Amino acid sequence: MQDDLRTVMRNFATGVCVVTTFSGTASLRTHNALTINSLTSVSLDPPLISLSIRRESTFLADLMESRVWAVSILDAEGEDLARIFARPEQERKKALSSLPAKPGERTGALLLDSSAWLECRYWNHLVAGDHLLIVGEIVGLGTNHTRVPLVFLQGAFHRIDLNRIG
């Protein structure tokens, strides 16, 4: 069943994001980041989104400790970021320390160069098989610029040319 589901879901186009969080105290933070394509808008009132992350993930442990995170919604220029933050944890953390990023005003989680961003605070979660579905309340958001969107479909990154869409 798992291989069949994976094959089917490869045909569902999704956006691509990098989620950031941290562990430790304000004076000694260790930041972490992870590429995801499971971002979902849940509610407008209150403003809620959800993420789905593997339960054994150390990123998830950091997120549950800090109870805050930021989502950088990537555009076509962010494909390299998506690839970097899909790597093993030590490589992600090393890359994160060398990239331009700024702490979000409301959460302290890092915001990367992207077309849009969200800052979130833990609201609730649900165990969903081998993943945890985390619901966050949006406490800050914004757009940086309009660029060609980055999507993930059939195991590869693609760009959508908005000028060619009717």
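**Salt bridges, rings and backbone geometry in a predicted model**

I begin with a single side chain: Glu137 is partly exposed, at a relative accessible area of 23% (with a 1.4 Å probe and protein chains only, buried is under 20%, exposed over 50%, and partly exposed in between). The model is predicted: local features require pLDDT of at least 70 and side-chain atom pairs pLDDT 80 or more, while totals for chains, interfaces and linings use all residues. Residues are numbered from 1 along each chain as its sequence is written, and side-chain values use heavy atoms, without hydrogens and water.

Which residue does Glu137 pair with in a salt bridge? The partner is Arg121, and their closest N and O atoms are 3.6 Å apart (a salt bridge requires a side-chain nitrogen of Lys or Arg within 4 Å of a carboxyl oxygen of Asp or Glu). Glu137 belongs to strand S10 and Arg121 to strand S9, residues 116-128, so the contact ties together parts 16 residues apart in sequence (helices, H or I with at least four residues, and strands, E with at least two, are DSSP runs numbered from the N terminus). Arg121, like Glu137, is partly exposed: 41% for Arg121 and 23% for Glu137.

Elsewhere, salt bridges with shared partners join Asp75, Asp113 and Arg147 into one network. How many salt bridges are found in the whole structure? The search returns 7.

Is Asp75 buried or exposed? Asp75 is buried, with a relative accessible area of 2%, whereas Arg147 is partly exposed at 32%.

A further salt bridge is formed by Arg159 and Glu79, whose closest N and O atoms are 2.7 Å apart. This pair links distant parts of the chain, 80 residues apart, with Arg159 in strand S12 and Glu79 in helix H3. Arg159 is partly exposed at 46%, and Glu79 is buried at 15%.

I turn now to the aromatic rings. The search gives 1 aromatic pair (ring centres of Phe, Tyr or the six-membered ring of Trp within 6.5 Å; planes under 30 degrees apart are stacked, over 60 edge-to-face, the rest tilted). The partners are Phe152 and Phe157, in an edge-to-face arrangement with 5.2 Å from centre to centre and 65 degrees between the planes. Phe152 is partly exposed, at 27% relative accessible area, while Phe157 is buried at 16%.

Gln154 occupies the loop between strand S11 (150-153) and strand S12 (156-159). Its phi is near 55 degrees, a positive value in a residue other than glycine. With 46% relative accessibility, Gln154 is partly exposed.

Where does Arg67 lie? Arg67 is in the loop between helix H2 (58-66) and strand S6 (68-73). Although Arg67 is not a glycine, its phi is positive, at about 65 degrees. The charged end of Arg67 also sits over the ring of Tyr122, 4.1 Å from the ring centre (NZ of Lys or CZ of Arg must be within 6 Å of the centre and within 35 degrees of the ring normal). Arg67 is partly exposed, with a relative accessible area of 37%. An arrangement of this kind is also found for Arg29, whose charged end sits over the ring of Phe22 at 3.9 Å from its centre.

One backbone feature remains. The peptide bond leading from Asp45 to Pro46 is cis, with omega near 0 degrees. Pro46 is placed in the loop between strand S4 (40-44) and strand S5 (47-54).
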